[in-house]
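Take a moment with the sequence and the model before reading on. Then follow the text with the structure open beside you.

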Amino acid sequence: MKRIWPRDVRLVESGAPTLEFAGQRGERLRITVLDHGLIRVQHWPDGTPRQDRTWTVVGPDGDVPREGRLREDVSHFPLPPFEVREGAGALHLRTDLLDLTVSLGDFRLTWADAQGRSFAADTARAYVYDARGTMVSHALARRTDEHYYGFGEVAGPLDKAGMRLRLEAVDAYGYDAATTDPLYKHWPFYITYAADLDLAYGLFYDNFAPGVFDLGKEVDALRGAAYRTYEAQSGDLDYTLIYGPTIEAVCEKFTALTGRPALPPRWSLGYLGSTMSYTEAPDAQVRLGEFVDLCAQHDIPCDLFHLSSGYTTDALGRRNVFTWNRDRIPDPPGMAARFHAAGIHLAANIKPWLLKSHPRYGEVAAADGFVKAADADTPEISLFWSGGLYESAEGSYFDFTSAAGYEWWQARVKDALLDVGIDAAWNDNNEFQLPDDDARCAGFGDPLRAQDARPLLTLLMGHASYNAIREHAPDRRPLLLTRSGCPGIQRYAQTWTGDNRTSWATLRHNLPMGLGAGLSGLVNTGHDVGGFAGPKPDAELFARWVQCGIFYPRFTIHSWNEDGTVNEPWMHPDALPLVREAMRFRYRLIPYLYSLFYEAAQTGHPIMRPLVYAFPHDARCRAESFDFLLGPSLLVAPVMEPGARRRRVYLPPGGSWCDFYSGTWHAGGEEIEVETPLDRIPLFVRAGGIVPLGKAMKHVGAEPDDQREALVFPAPEGGHGEFTLVEDDGVSFGYQRGAVTRVKLAVDSTPEAVTLAAPVVEGGYPLPYRDIVAVLPPGEHRSLHAPPGSLRLPDMDGRPRVRMKVGG
């Protein structure tokens, strides 16, 4: 490798929205002003783009065609006018929000806000590339007290300052949630928060090649001051600086750039059951039916069950996607009907390859539906998981950049799964670990090397599965689950953090992993409750994991325990009452959760939020990795140690906090000690917070959803609070046509009085209820005022209650 960088850089073309520069060796560099706070920088070492298409940056419809879209098509961006001034050896570019200085000669960029405060700067030799190969990199100075969040799905603490992270998706079975790197996602995006300036910005590198983020791990005296780098093995450097100035604003702008998260069906917010054991059993259909019966027997609500890949095995135990083992499951439609009768949907596991022994392998090969070898017009042969743990056999990956591969896949999703009653798809093992970087993808007529296409194949697998489900039922929101992904996958799928290992440490360290994902646009994520690999969880660990897991956006229990046991809600009879109560509360929370999902689909705001998201001014919140907010109001403090019956909780500053259970108020900015009995974990609500609740049902829609409570926490010192409750049919795309109703739940308080309101701010969906019962904390003694027609109800458990008319 020969590392060089552009020299004698000069401006060669100036005209909105792009400024173009040339280097001594023919390099081209470009700056494009997409919006006042959205500026794109490109470096083409070869003088022309190595990749002229993007699949991550969306067009005006919020999506990307399967063949991609031209990177240089920026016509749908605002493209505002900007000021350019040239000085001695430098160029100054100014928008309404940013002031960018370009040091000519070495093309070193310095970024400042509109007040002239510098917040980011390239180092010397910032745009290094390999003169003999394809590597590209970018180096920025590290400022004092900077914090780095996001990165998709990464082990370790929430703040990645001082770490080195690989950008490469792998099958990380049984990973260590504190240290394993890399994991399942390829996510070249992160948020920088500069504490001294109270300013946040994002950096998104639009590149699918394997790479590295170094955030202060490396030290090199030749580079001078502290620095951080991004490096990719190939492609061009194409990054966008996303100016906040808040973390929330960065989340909004990044998901506007790469696509808003899909709004899932309401039923997917319930308990999603899963285990590998059932479909591995010789009598799988019987075992699956027993799960339905056991849910009813133990009074456990459930809305979906995942069919692991054991349903596809042949007589030799090989897993053949889109086939059914009729010995294990003799009647797939009958099995699906059994689940549906109980109100439980089904998702089926599908993997992006065919083994050479698959009965239809030759058909796909003949149609050119597989990734091809580098040096022959034949399918690339790789080893794939085929049967038991660590067993493998030869096969080939589908090429989703091939029309034949994409369309064959979609047809099988429909006829092998959806037509027999499967409701959702589970894209699994889709890291596309092609062993040869030079293996060839069709690229929809413009071939791509595997090195530049692995995450793209994952993204297009999601695109294919999502659209197959939507075509099968055009006005039903698809539910798609994916293990791997890159920016853009949130447009189609929910995800989870893969094959975690059973331990208290995993319960703990999965939390910052999920919080970082939420800051990266992956808002609909979760973790295998109880742990997937390793020993079965003991009763206490399992109960604590469920009590935490009910606050994950995606709540599922999944396992492949080494001793053959199964993680199920009833696995520990002594813990079953605790598990059942926690799961009932999850179902009661669905109105609150669904409103957060709707907000996320409109804005990109995360559902689970690290404390730094709302309290960046506080040093403890900037470092907190484990306690989190669910939405704007509810602080969740999980119990993550065995035997813990008390724990300390830090309450962020800026207002008071109410104990969810007792109604006791505590000042913010203080650490308190609270009891943590086995039946609950600590919960607190911000002053002014409102948490709407519904019925606990055996599944979503099991009975009319015609009751709402709103837990209201008026500020003792006085203040205002509100929460927008969103209601629609929960399954169709009617909300996009205006069939949605939003109710603004509001509370105003003084030291003497509390005033409640519930006006309708959008009314396109007929509400199944006419009033909402507002419930206040125990001990609330101030006079209560509510809309005309409201009724004061008797206190219950010391909690004042008011039946409020909606719309008043």
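Which residues does Phe400 touch, not counting residues up to four places away in sequence? In this predicted model, the partners are Pro352, Tyr406, Trp409, Phe432, Phe444, Leu457, Leu460, Met461 and Ala464. Phe400 belongs to the largest nonpolar core, which has 175 residues. Together with Ile247, Val546, Phe551 and Leu630, Phe400 touches the most other members of that core. There is also a second, separate core. This one has 46 residues, including Leu19, Leu100, Trp111 and Leu197.

Now turn to the rings. The structure holds 49 aromatic pairs. Start with Phe21 and Phe107. Their ring centres are 5.2 Å apart, and their planes meet at 65 degrees. Edge-to-face begins over 60 degrees, so this pair is edge-to-face. Where do Phe21 and Phe107 lie? Phe21 is in strand β3, residues 18–22. Phe107 is in the loop between β10 and β11. The pair therefore ties together parts that are 86 residues apart in sequence. Phe21 has a relative accessible area of 0%, so Phe21 is buried. Phe107 also counts as buried, at 0% relative accessibility.

Tyr175 and Tyr184 form another pair. Their ring centres lie 6.1 Å apart, with the planes at 75 degrees, so this pair is edge-to-face too. Tyr175 and Tyr184 are both buried. Ring pairs can also link up into a cluster. Phe400 returns here, in a cluster that includes Phe322, Trp353, Tyr361, Trp408, Trp409 and Phe432.

Rings can have charged neighbours as well. What sits over the ring of Phe626? The charged end of Arg508 does, 3.8 Å from the ring centre. Arg508 is in helix α8, residues 504–519. Its relative accessible area is 28%, so Arg508 is partly exposed. Arg508 touches Met640 as well as Phe626, not counting residues up to four places away in sequence. Arg508 and Met640 are 132 residues apart along the chain, but 5.8 Å separates their C-alpha atoms. Elsewhere, the charged end of Arg680 sits over the ring of Tyr661, 4.6 Å from its centre.

Next, find a sheet. Strands of a sheet pair through backbone hydrogen bonds, either parallel or antiparallel. Here, five strands form an open sheet in the order β8-β9-β10-β11-β12, with antiparallel pairing. From one strand to the next, the twist averages 20 degrees. Look inside the sheet at β9, residues 90–94, which pairs with β10 over five bridges. Arg94 has Asp99 in β10 as its bridge partner.

Finish with the backbone. Most residues other than glycine have a negative phi, and most peptide bonds are trans. Where does this model depart from that? The bond from Ala16 to Pro17 is cis, with omega near 0 degrees. Pro17 is in the loop between β2 and β3. The bond from Gly244 to Pro245 is also cis, with omega near 10 degrees. Pro245 is in the loop between β21 and α1.

Leu79 has a phi of about 50 degrees and lies in the loop between β7 and β8. Asp299 has a phi of about 55 degrees and lies in the loop between α3 and β23. Leu79 is partly exposed, at 27% relative accessible area. Asp299 counts as partly exposed too, at 40%.

Conventions:
Residues numbered from 1 in each chain as written. Predicted model: local features only at pLDDT ≥ 70, side-chain atom pairs only at ≥ 80, totals over all residues. Heavy atoms only, no water. Core = buried A, V, L, I, M, F, W, Y, C linked by side-chain atoms within 4.5 Å. Buried < 20%, exposed > 50% of the residue type's maximum accessible area, 1.4 Å probe, protein only. Contact = heavy atoms within 4.5 Å. Phe/Tyr/Trp six-rings, centres within 6.5 Å; stacked < 30°, edge-to-face > 60°. Helix = DSSP H or I, 4+ residues; strand = E, 2+ residues; numbered from the N terminus. Lys NZ or Arg CZ within 6 Å of the ring centre and 35° of its normal. Pairing = 2+ DSSP bridges. Axes fitted to C-alpha atoms, helices over the stretch in contact; angles between N-to-C directions.
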